[in-house]
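Subject: Handing over a structure

Dear colleague,

I am passing on the structure below, and after it I set out what was found there. Please read it with the notes on numbering and confidence in mind.

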Amino acid sequence: RPDIQIMPSILAADEGRRADGCRRAEAAGADQLHVDIMDARFVPNLSMSPATVGMAREAVSIPLNTHLMMMEPQHHIDPFIDAGTDTLLIHVEARCDCARELKRIRDRGVKQGITLNPETPAESAYALCDAGLVEEILCMTVHPGFGGQSYLEYVETKMADLRRRYPGIGLSVDGGINDETAASAAACGANLLVAGSHLFKQDDMQTAVERLRRAAQE
Ligand code: DX5
Ligand code: ZN
């Protein structure tokens with residue numbers, strides 16, 4: 001599996017020194033940075049904004065992968081694109097016309113994708129994927145809202161289903177990723193691995209990124 005990418009989640013970086021966290025992840029060999037946006041409505045927590053994406057854009061040159069945990073993402077698409085994100089992910093459970101928003105993101109030249117909560121069935125992604133509107137499917141392996149939770153193994157059935165159906169679409173996994181769960185998720189077809197607390201708690205992040213990549217490639 002040569003196409004594994006590691007995406008550190010800067011949610012786990014020290015809030016007051018987020019730019020340092022971004023640079024640290026890039027220096028450690030990260031392929032992309034994952035930016036978690038929470039609206040205190042779709043999830044019971046609040047985090048970051050388009051300004052954070054702008055800060056990350058200035059801090060590093062690797063692509064930015066922005067995950068909108070927002071109830072009404074349709075009102076916030078443009079500011080995140082203007083701030084320089086490379087990928088924008090919306091949740092299928094959000095109160096919006098997903099097809100329309102995915103087209104809007106694509107038309108602005110940014111990669112567009114969808115996210116599924118742990119209980120949301122694979123079927124919720126089919127119509128959007130079959131319509132060619134999805135470049136990345138993110139499967140949550142925790143209930144979104146907080147870093148540092150444990151990986152929910154039951155999501156693997158859904159990941160395997162989506163990988164089988166859509167071999168050409170990026171399949172990312174987010175929540176509770178460490179060497180062991182990365183190996184397990186990759187075996188089900190995940191090729192984009194988001195990791196927050198596991199990577200940011202390391203003294204040597206570069207070695208940890210290499211270890212995670214190796215675990216997923218085996
Ligand atoms: C959870 C976020 C995740 C989070 C992952 O709501 O979407 O991206 O940062 O954190 P860890 O890797 O600590 O589970
Ligand atoms: Zn995320």
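Among contacts in the protein chain between residues at least 6 apart in sequence, 65% join residues at least 24 apart, a contact being two residues whose C-beta atoms, placed from the backbone, lie within 7 Å. This is a predicted model, in which local features need pLDDT of at least 70 and side-chain atom pairs count only at pLDDT 80 or more, while totals for chains, interfaces and linings use all residues. Residues are numbered from 1 along each chain as its sequence is written, and chains are lettered from A and ligands numbered from 1 in the order in which they are written.

The protein chain has nine helices and nine strands, which are DSSP runs (helices H or I, at least four residues; strands E, at least two) numbered from the N terminus. Along its principal axes the C-alpha trace spans about 45 × 35 × 30 Å.

Around ligand 1 there are 22 residues, of which the closest are Ser9, Pro144, Gly147, Gly196 and Ser197; a residue is near a molecule if its C-beta atom, placed from the backbone, lies within 6 Å of it. At least two residues of this shell come from each of β2 (33-39), β9 (192-195) and α8 (197-200).

Two residues other than glycine deserve a look for their backbone: Ala40, with a positive phi of about 60°, lies in the loop between β2 and β3 (46-47), and Met48, whose phi is near 55°, is in the loop between β3 and α2 (50-59).
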